[in-house]
Amino acid sequence: MLDQIHWLAAVTVLGVLEQAYFFLQVIYARRLFGISPPKISGPPEFERIFRAQVNSSEYFPIFLALLWQAGLFFHQGLAAALGLLYLYARYCYFMGYKASSSER
């Protein structure tokens with residue numbers, strides 16, 4: 001049953017790295033626009049980056065729970081593939097939300 005658990009673990013690590021990338025984008029935006037924590041408002045460019053990161057981090061625990069449940073109780077390879085698809089879609093969402101509405 002646990003013979004392919006490494007695929008789920010790899011997708012989990014990729015998800016954590018993606019979240020770290022999103023966090024770093026907020027840190028860079030804070031430095032660029034001079035917004036120190038705990039402030040969460042500022043120029044629209046900063047607010048879009050911050051909101052996209054917060055939205056992504058809010059859904060990350062749900063993603064992990066579904067990834068592991070689907071992998072352990074159904075099919076690990078399919079769950080890992082769908083997890084990769086989700087991570088790609090989340091990255092596209094972040095980049096799209098980060099861009100201004102005139103650049104989308």
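Modeller: Gladly! Of the 104 residues of the protein, 33% count as buried, where buried means under 20% relative accessible area, exposed over 50% and partly exposed in between, with a 1.4 Å probe and protein chains only. This is a predicted model, in which local features need pLDDT of at least 70 and side-chain atom pairs count only at pLDDT 80 or more, while totals for chains, interfaces and linings use all residues. Residues are numbered from 1 along each chain as its sequence is written, and side-chain values use heavy atoms, with hydrogens and water left out.

The protein has three helices and zero strands, in the order α-α-α from the N terminus on. Helices (H or I, at least four residues) and strands (E, at least two) are DSSP runs, numbered from the N terminus. The C-alpha trace spans about 50 × 30 × 15 Å along its principal axes. Among contacts (heavy atoms within 4.5 Å) with a separation of 6 or more, 70% join residues 24 or more positions apart.

Now to the part you asked about. Two packed helices are described by the angle between their axes and the distance between the axes. Here axes are lines fitted to C-alpha atoms, for helices over the stretch in contact, and angles run from 0 to 180 degrees between N-to-C directions. Helix H1 (residues 5-33) and helix H2 (residues 44-73) have axes that come within 10 Å and cross at roughly 170°. That makes H1 roughly antiparallel to H2, since angles over 145 degrees count as roughly antiparallel, under 35 as roughly parallel, 65 to 115 as roughly perpendicular and the rest as oblique. The contact of H1 with H2 holds 19 nonpolar, eight polar and two charged residues; Ala, Val, Leu, Ile, Met, Phe, Trp, Tyr, Cys and Pro count as nonpolar, Asp, Glu, Lys and Arg as charged, and the others, Gly among them, as polar.

H2 packs with H3 at an angle of about 175°, their axes 10 Å apart. H2 is therefore roughly antiparallel to H3. By class, 14 nonpolar, six polar and four charged residues form the contact of H2 with H3.

On the H3 side, Gln76, Ala79, Ala80, Gly83, Leu87, Arg90 and Phe94 are buried, and the buried residues of H3 pack against H1 and H2.

Leucine 24 lies in H1 and is partly exposed, with a relative accessible area of 37%. Isoleucine 62, in H2, is also partly exposed, at 47%.

One detail of the connection deserves a look. Proline 38 sits in the loop between H1 and H2, and the peptide bond from proline 37 to proline 38 is cis, with omega near 10°. Most peptide bonds are trans.

Finally, an unreviewed UniProt entry places the feature "transmembrane region" at residues 7-28 and 62-88; such annotations may be inferred rather than shown by experiment. In the model, residues 7-28 are 100% helix and 0% strand, with end C-alpha atoms 31 Å apart. Residues 62-88 are 93% helix and 0% strand, and their end C-alpha atoms lie 16 Å apart.
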